[in-house]
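I wrote each entry as I went.

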Amino acid sequence: MLTLPNILTLSRIVAMPLLAFLLWWPKWEFGYGLAFALYCLMGITDYFDGYLARSSGAVSKLGVFLDPIADKIMIAAVILVLTAQGVLTGPYVGDMHVIAGLIILVREIAVSGLREFLGGLQVSVPVSRLAKWKTTFQMISLGALILGAAMPWWNLDLGALVINVPHTVGLTTLWGAAVLTLITGWDYLRVGLKHMD
């Protein structure tokens with residue numbers, strides 16, 4: 001059970017409270033800088049735990065179970081803390097960006113429930129290429145939002161509007177992730193509906 005890939009997966013879960021702690025004070029630029037470094041490290045372990053498990057033939061049931069849970073915990077916790085601290089706000093639409101985060105959270109819960117249902121029927125739902133892009137957009141968006149709070153001086157002056165570059169990238173890719181979330185969620189739902197008669 002305690003193979004290196006599983007330890008890397010568990011490390012992401014164990015590190016989550018520290019990441020949430022660092023994100024709790026949005027005006028603490030140094031803390032957000034540390035949070036960004038920790039978030040990147042967690043993303044790197046996400047890549048390497050799967051790579052090492054496959055390359056060394058150490059894929060385990062525990063790893064298959066824990067890896068998606070670790071990903072969802074990280075994404076959900078970061079979205080919730082950033083929302084609570086008012087980071088998911090932007091020009092013109094204010095805190096309407098929270099809707100993109102909500103779409104992502106609802107989809108993750110719904111797809112997890114669907115996978116559990118289909119698992120009981122011995123039906124596997126493979127991860128699509130589009131779903132991998134969705135995950136990539138999520139990871140980039142949340143990392144950029146954290147970086148934007150760590151570097152509030154990284155701005156672009158557009159005359160009537162001054163925007164924080166990483167924050168704007170984060171909000172844009174968050175909506176991109178939300179759109180991909182809806183598309184991939186619908187794809188999974190269509191598969192599930194075939195087995196619900």
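Is phenylalanine 137 buried, partly exposed or exposed? I looked up its relative accessibility, which is 28%. Buried would need a value under 20% and exposed one over 50%, so phenylalanine 137 counts as partly exposed.

Entry on confidence. The model is predicted, so I checked the pLDDT before going on. The protein chain averages 87, and 97% of the residues score at least 70. Among the elements, I found the highest mean pLDDT, 93, in helix α5 (residues 129-150). Helix α4 (residues 98-120) has the lowest, 86.

Entry on ring pairs. I noted 4 aromatic pairs in the structure. One of them joins tryptophan 25 and tryptophan 28. Their ring centres are 6.3 Å apart and their planes stand at 75°; an angle over 60 degrees counts as edge-to-face, so this pair gets that label. I then looked up the accessibility of each partner. Tryptophan 25 has a relative accessible area of 42% and is partly exposed. Tryptophan 28, at 33%, is also partly exposed.

Next I turned to tryptophan 133 and phenylalanine 137, which form an edge-to-face pair with 6.5 Å from centre to centre and 70° between the planes. Both residues lie in helix α5, 4 residues apart, about one turn of the helix. Tryptophan 133 has a relative accessibility of 48% and counts as partly exposed.

Last entry. Which residues do ring pairs link into a cluster? I wrote down Phe21, Trp25 and Trp28.

How values were computed: Residues are numbered from 1 along each chain as its sequence is written. This is a predicted model: local features need pLDDT of at least 70, side-chain atom pairs count only at pLDDT 80 or more; totals for chains, interfaces and linings use all residues. Side-chain values use heavy atoms; hydrogens and water are left out. pLDDT is the predictor's confidence in each residue, from 0 to 100. Helices (H or I, at least four residues) and strands (E, at least two) are DSSP runs, numbered from the N terminus. Rings of Phe, Tyr and Trp (its six-membered ring) pair if their centres lie within 6.5 Å; planes under 30 degrees apart count as stacked, over 60 as edge-to-face and the rest as tilted. Buried means under 20% relative accessible area, exposed over 50%, partly exposed in between (1.4 Å probe, protein chains only).
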